[in-house]
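Trainee: I would like to learn how to read a model of this kind. Could we go through it feature by feature?

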Amino acid sequence: MIVTLIVICEVGFWVLLAAGLAARYLLKMPRLGLALLLCEPLLEVLLLVVTAIDLKNGAEPSWRHGLAAVYIGYTVGHGHRTVKWLDGHAAHRLGGAPPPVGPPRYGMARARHEGKVWLGSVTGAAVASGLLLLAIWYVGDAGDTQSLKGWIGFAWRAVGFHGLFALSYVVWPRKAPEGEPESPLTARDRV
C-alpha cells in the first residue's frame with residue numbers, strides 16, 4: 001500500500017505541477033495556478049500520515065516505510081528547485097517571458113551552483129533521517145526497525161557521493177573555451 005501511495009504522490013506531484021503551470025500561463029489565472037502549486041506539499045503530508053497510520057496499525061517496519069521517508073526528504077530538499085526550474089521554462093514557452101538562464105557552466109560559479117544543489121541533498125537526507133528516527137521511536141521495541149536504520153545510512157551515503165561529485169567542480173573546475181567568457185552571471189544571479 002505504501003509503495004502504491006508513493007507512486008500516486010509522484011504522479012500527483014507532476015499532475016498538480018502541470019495543472020498549476022497550465023492555469024498560470026495558458027488560462028491566465030495566476031492565483032489558481034499558485035493555489036495548485038501550493039497543494040503539492042499536501043501530497044507529502046498525506047504520505048507521512050498514511051505511513052504513520054500504517055505503522056500504528058501494527059505493520060512491520062520495512063523498506064517501504066524507509067522509501068516513503070526518503071521520498072519526502074527528497075521532495076523537501078529538491079522540490080522547490082524543480083518547481084522553480086519548470087516554472088521558468090513554462091513562463092518562457094507559454095507566457096512569452098525571456099528564456100530562463102541556465103546554471104553556470106564553468107569555473108567557480110559552477111562549483112558554487114553544484115554546492116547549492118548538494119545542500120538540497122543534505123536537507124533531504126536530514127529530513128528523511130528525522131522522519132526515520134521518529135518512526136523508529138514510534139515503533140519502539142515492538143518491531144524490527146533495522147530496515148529503517150538502513151535507510152538512514154542509504155540517505156547519507158547518497159549525500160556523500162553527491163558531495164564528492166560537487167567537490168569535483170572545486171578541485172577540477174571546467175575552464176571556458178577560448179573566447180567564451182567564464183560566466184556572464186554569478187551563481188547567485190542564476191539560482
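Predicted model: local features only at pLDDT ≥ 70, side-chain atom pairs only at ≥ 80, totals over all residues.

Trainee: Where is Lys28 found?

Mentor: Lys28 sits in the loop between helix H1 (2-26) and helix H2 (30-38). The backbone is worth a look too: Lys28 is not a glycine, yet it has a positive phi of about 55 degrees.

Trainee: How many helices and strands does the protein have?

Mentor: There are seven helices and zero strands. Written from the N terminus on, the order of elements is α-α-α-α-α-α-α.

Trainee: What box do the C-alpha atoms fill, and what share of the residues counts as buried?

Mentor: Along the principal axes, the C-alpha atoms take up a box of roughly 65 × 45 × 20 Å. Buried residues make up 38% of the 191 in the protein. Sequence separation of contacts is another overall figure: among contacts between residues at least 6 apart in sequence, 75% join residues at least 24 apart.

Trainee: Now helix pairs. At what angle do H3 and H5 pack?

Mentor: For a pair, read the angle and the axis distance together. Helix H3 (residues 40-56) and H5 pack at about 25 degrees, and their axes are 10 Å apart. Angles under 35 degrees count as roughly parallel, so H3 and H5 are roughly parallel to each other. The crossing of H3 past H5 is right-handed.

Trainee: Which residues meet there?

Mentor: From H3 come Leu48, Ala52, Leu55 and Lys56, and they meet Leu131, Ala135, Tyr138 and Val139 in H5. Sorted by class, this contact of H3 with H5 has seven nonpolar residues, no polar ones and one charged.

Trainee: And H5 with H6: are they roughly parallel or antiparallel?

Mentor: The axes of helix H5 (residues 107-139) and H6 come within 9 Å and cross at roughly 175 degrees. Angles over 145 degrees count as roughly antiparallel, and H5 and H6 are therefore placed in that class, roughly antiparallel to each other. Their contact divides into 21 nonpolar, five polar and three charged residues.

Trainee: At what angle do H4 and H6 pack?

Mentor: Helix H4 (residues 63-95) packs against helix H6 (residues 146-171) at about 35 degrees, with the axes 8 Å apart. H4 passes H6 in a right-handed crossing. On the H4 side the contact is made by Trp63, His65, Gly66, Leu67 and Val70, and on the H6 side by Ser147, Leu148, Trp151 and Phe154. By class these are six nonpolar, three polar and no charged residues.

Trainee: Let us take His65, which lies in helix H4. Is His65 buried or exposed?

Mentor: Buried means under 20% relative accessible area. His65 has 5%, so it is buried. A list of contacts then shows what surrounds the residue. Leaving out residues up to four places away in sequence, His65 touches Ile2, Thr51, Asp54, Leu55, Ala59, Glu60, Leu132 and Leu148.

Trainee: What about Thr75: buried or exposed?

Mentor: Thr75 lies in helix H4. Its relative accessibility is 16%, and Thr75 therefore counts as buried. With residues up to four places away in sequence not counted, Thr75 touches Glu44 and His80. The side chains of Thr75 and Glu44 are joined by a polar contact of 3.3 Å.

Trainee: One more loop residue, then. Where does Arg105 lie?

Mentor: Arg105 lies in the loop between H4 and H5. Because its relative accessibility is 47%, Arg105 counts as partly exposed.

Trainee: Which residues does Arg105 touch?

Mentor: Apart from residues up to four places away in sequence, which are not counted, Arg105 touches Arg110, Arg174 and Glu180. A polar contact of 3.4 Å also joins the side chains of Arg105 and Tyr106.

Technical notes
Residues numbered from 1 in each chain as written. Heavy atoms only, no water. Axes fitted to C-alpha atoms, helices over the stretch in contact; angles between N-to-C directions. Helix = DSSP H or I, 4+ residues; strand = E, 2+ residues; numbered from the N terminus. Left-handed = near helix turned anticlockwise from the far one by under 90°. Contact = heavy atoms within 4.5 Å. Nonpolar A, V, L, I, M, F, W, Y, C, P; charged D, E, K, R; others polar. Buried < 20%, exposed > 50% of the residue type's maximum accessible area, 1.4 Å probe, protein only. Polar contact = N/O pair within 3.5 Å; in protein donor to acceptor, adjacent residues only side chain to side chain. Parallel < 35°, antiparallel > 145°, perpendicular 65-115°, else oblique.
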